[in-house]
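Dear colleague,

I am handing over the structure we spoke about, and below it you will find what came out of going through it. Please read the notes with the structure open beside them.

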Amino acid sequence: MTRADDCLQAEAAAELERLAACSQEPIRAPGAVQPYGALLAADPTSWIIVQVSENTFEVLGRQPDELLGSHLSVLVDVGTCGRLAAALAGPPGGAGDAVEVRIGSRKFETVVHLSSDGLAIMEFEPAEETTGDRSLAALHASTQRLLVTTTIDSLRTATVREIRALTGFDRVMMYRFHPDGHGEIVAENVADGLEAYLGLHFPASDVPLQARQLYVVHGSRAIATNEYRPAALLPRDNPRTGAPTDLSLADLRSVSQHHLQYMQNMGVAASMSLSMVHGGELIGMISCNHSSPRRVPYSLRRGCETVARQVTLQLRALEGMRELTHRLQLRPVRTRLAEQVADRDDDGGAALVAGYVTLLDLLDADGALVRLDGRIASAGVTPPGTEISALLERLDAGGVAVRSDALAIDRPDLAAVAPSVVGVVASPIGAGGDYVLWFRRAISQTVDWLGEQSSDNRATTLSPRNSFSSWRQTVTDRARPWSDVELREVDDLTRDLARLTAQAGVRRASASSALAASVASGLAETLDAKEAASRLARLVVPALAEWAVVTLVKDSDQARSRPDIHDVASWHVNPALRPAAERYAERRLESLNPDSFLRRALVTGELITRSDGAMEAIESILRPGQALDLLHELAPAAFSVVPLRGRTSVLGLLTLFNGAARGATTANELATALDIAARAGLALDNARLYRGQRLLAEGFQRSLLTEPQQSDHLEIVVRYVPAAEAAKVGGDWYDAFAQPDGATMLVIGDVVGHDTTAAAAMGQLRSLLRGIAVATGVGPAELLRQVDAAMATLGDPTIATAVVARLEQSVDERRRGAAHVTWSNAGHPDPMVISADGVVSRLAHDRPDMLLGVRADARRTESTVTLEQGTTLLFYTDGLVEHRARPVRDGMASLQDLLGQLHGLHLSALTDEILARMLLSQPEDDVALLAVRLRHRPTDRERESSR
């Protein structure tokens, strides 16, 4: 480090101390004025003079005592009083036109303003006979010459030349203030023989904040001589407030003794400063110095203020044009960056650092880094990973943008965790924790100062510098500063990125919801656990990972502390690697150490995710063998183990793997994975419960149904399928039995309602119908009438549909293998008749009869039809032909068409194929089938001949 660097560090603390001291100086209310003019303060309503400067006799020819307490008219005539009152009522700010006032033989330029503490402040400056039209003409000529200047540097140079020509000062300089507050002399016009200051810098304390605030509201400041004796105000304080009078807008306001000493040390006897204000901010100054006393008349000062305002506007326009040109050069880069991100929903960060254009094309930096959706991507030279992590953590806590070319000075808290960072722009993208950063390394910079910036050049810490000779400093702890244009482009880019990431977030959320819904729908379509696992693996790839393995806990082991698990499904986005992923799933469990990630996730039920060192982490828990070899072939760079939690325990695991190209699973992907895992866990739990409860339901239902009695001339097949909803039993039943006379009774029925109540009612009704049929031997219609009557007598509220058919054979029918069937239908779907040659018809009445249990005297009809050998009768309940998406009539038509196609099948195969084709994968209602086919019974002679 150079001696200059040592001085800079020591001076930094001293500069802060000077700025703090300057902020306490009473420069707004010094209690005195410069003696080349006189000040009177009057009540603005009565115009009674309440305060005067002590030099009124020397300037105005009246003693202070003559004026205090008197009306203003004791000094000037009534007409002048009126003009001063009118000036006070004019535009605020103290920069109005001067009122020409004559007091005896003396002529004054008098300005009046209302102070913040309520006094009419009148300042009387002696007028010069040479001012007026000639000065106005010179000002006009100067402004015309400046208006045709077209570059920033030439305008600055022309301005100081014109101001020096107008005012006659030895030296005129233009300052520009830097963002850190220090100033730089960017233009100068100086008399021959004087030392040049162009290009030199000066500290912020040379024009402290309090003074800058005054320059914003008052366009100029003139000091006729640095050796004046201040003329105190009498009385010192404002009589109305008891506090020092506010002279912020007064041209004659006396200045700080520190500043007068500053002028003396600099060899300046007189000065004038002009404000350069833009957007309410002091961006620069025009400073005029003279080696001997020099007073600039009020009118000329106001003219120079006008020139300064015009030049400020011109400079800002030229700077704006230069910035606009730069922005127009950068805008296509920013637009292309946004387009690249829009095209890469999967990895917007990569699009910013590895696309056709990158973040380094937008800002000239050594490195850039972006964190989008938890993923970090970088380009160029960036700090070490540990510093990046710590820096992002601090930025997350603050949530604000950081722009610095000397981080150790501007943000020592951030420099403490990222010591290699010197220049940085860090801008948040929206409010979700995403950031974009650029880095610039430290460079060696040479700064020439207006006077040495060390304590050796000051009498005390608060004293002005003794010497203003150029002093060179080499700075090594700063980067190149970031320009306003660059920072505005950063702001625009982050707004673009925030909009794009928000839109992408909406799309991802929609995709996540769609994926979750797809998973839920896909898993809901099956109640087989292995099929559900296979579907899950395919559904999450590639949406959440490049490949996945699904692990299930065996049903019998779910309550054990170390349940038995098995990998049941896998899927890889790359078809060429699917066999390897499948073999890995087959081999990995037998190769795992006891304390594997799978076991930990299974026991704790918590998500486990690894990105850094993922391969090494898996290698550490796999024993040598085929699984380890396959792992190397698959090369995972990141993995996440997501528990599939059921209602009471973990039922399985979903392991997601990514390669190096895709990298770590994002926070959004993990959130989606957890959502999907919760749904999958519930689906697996439902499948497990369904398996157990369906067995229970089927067992209960079948316990109420008996196997049909078979006969020589009939083949009878029955089927029962419960509803998909676990433990949902119903009121569907079938029956086939013989009456005392040998006829076969065929019954199909459906009790209105579900669950155990309907099943119990079905059992009672079935027994009642069977008992009456066997005891009485009556036909179908009479049987239904007697059942209605019995239900009414017993007070049974059951309502049911039913078909009762009596199938019997005459001698002739028996000989030829035919039969006739008599049936009665109590509001049930019509049975189907399938002839041996495939013609399908319905056993239908002209008009349907009433349901069982509605009325005891309900009319019952019956019909008879002859069936030839090979004819099939199919009785069924409505669950076969009706569901939410299919009305019963459409279902019966579909069944009739299907039977025509299947008529040639054996009866058992026929019933199974009907169920397979007609039912949903998860039936909404239970289904009962009763199929009867007439078969030929051989005679004794036929049996004898066949031997």
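A635 sits in the loop between helix 20 (residues 626–634) and strand 24 (residues 638–645), and its phi is near 50°, a positive value in a residue other than glycine. With a relative accessible area of 36%, A635 is partly exposed. Please keep in mind for this and for everything that follows that the model is predicted.

A positive phi is also found at W47, where the angle is near 60° and the residue is again other than glycine. W47 belongs to the loop between strand 2 (38–42) and strand 3 (49–53), and because its relative accessibility is 11%, under the 20% limit, W47 counts as buried.

Two cis peptide bonds deserve a look while you are in the loops. One runs from L234 to P235, with omega near -15°, and P235 is placed in the loop between strand 11 (231–234) and helix 8 (257–266). Another joins V541 and P542, with omega about 5°, and P542 is placed in the loop between helix 16 (529–540) and strand 21.

Strand 21 leads on to the aromatic residues. The count of aromatic pairs comes to 7. In one of them, the ring centres of W547 and Y584 are 5.8 Å apart and the planes stand at 75°, which is over 60°, so the pair is edge-to-face. Since W547 lies in strand 21 (residues 547–553) and Y584 in helix 17 (residues 578–591), this pair ties together parts that are 37 residues apart in sequence, and both W547 and Y584 are buried. Y584 also pairs with F657: here the centres are 6.4 Å apart and the planes at 85°, so this pair is edge-to-face as well. It links distant parts of the chain, with Y584 in helix 17 and F657 in strand 25 (residues 650–658), 73 residues apart, and both Y584 and F657 are buried.

Elsewhere, Y175, F177 and F202 form one aromatic cluster. R212 lies over the face of F177, at 4.0 Å from the ring centre, and the charged end of R171 sits over the ring of Y197, 4.0 Å from its centre.

D567 is placed in strand 22 (residues 565–572), and because its relative accessibility is 15%, it counts as buried. Leaving aside residues up to four places away in sequence, D567 touches V549, V550, T551, A585, R588 and L589. D567 and L653 are 86 residues apart in sequence, whereas their C-alpha atoms are 9.0 Å apart in space. E319, in turn, lies in helix 9 (residues 298–342), and with a relative accessible area of 12% E319 is buried. Leaving aside residues up to four places away in sequence, E319 touches I152 and R156.

Among the helices, I looked at helix 12 in some detail. Helix 12 (residues 385–398) has 14 residues, and from its first C-alpha to its last it reaches 20 Å, close to the 20 Å expected at 1.5 Å a residue. E387, I388, L391, L392 and L395 are buried in helix 12, and seen down the axis the buried residues fall within an arc of 130°, so they line one face of the helix. The face turned away from that buried side carries the exposed residues T386, E393 and A397. The elements against which the buried residues of helix 12 pack include strand 14 (367–372), strand 15 (375–380), helix 14 (412–417) and strand 17 (423–429). Helix 12 is followed by G399, whose phi is positive, near 70°.

Finally, some figures for the protein as a whole. Its secondary structure comes to 27 helices and 35 strands, and buried residues make up 52% of its 947 residues. Of the contacts with a separation of 6 or more, 67% are between residues 24 or more positions apart. The protein exposes about 41600 Å², of which carbon and sulfur atoms supply 53%.

Conventions: Residues are numbered from 1 along each chain as its sequence is written. This is a predicted model: local features need pLDDT of at least 70, side-chain atom pairs count only at pLDDT 80 or more; totals for chains, interfaces and linings use all residues. Side-chain values use heavy atoms; hydrogens and water are left out. Rings of Phe, Tyr and Trp (its six-membered ring) pair if their centres lie within 6.5 Å; planes under 30 degrees apart count as stacked, over 60 as edge-to-face and the rest as tilted. Helices (H or I, at least four residues) and strands (E, at least two) are DSSP runs, numbered from the N terminus. Buried means under 20% relative accessible area, exposed over 50%, partly exposed in between (1.4 Å probe, protein chains only). A charge sits over a ring if NZ of Lys or CZ of Arg is within 6 Å of the ring centre and within 35 degrees of the ring normal. The expected span of a helix is 1.5 Å times one less than its number of residues. The arc is that of the directions from the helix axis to the C-beta atoms. Contact means heavy atoms within 4.5 Å. Accessible areas come from the Shrake-Rupley method with a 1.4 Å probe; for residues, only the protein chains shown count as cover.
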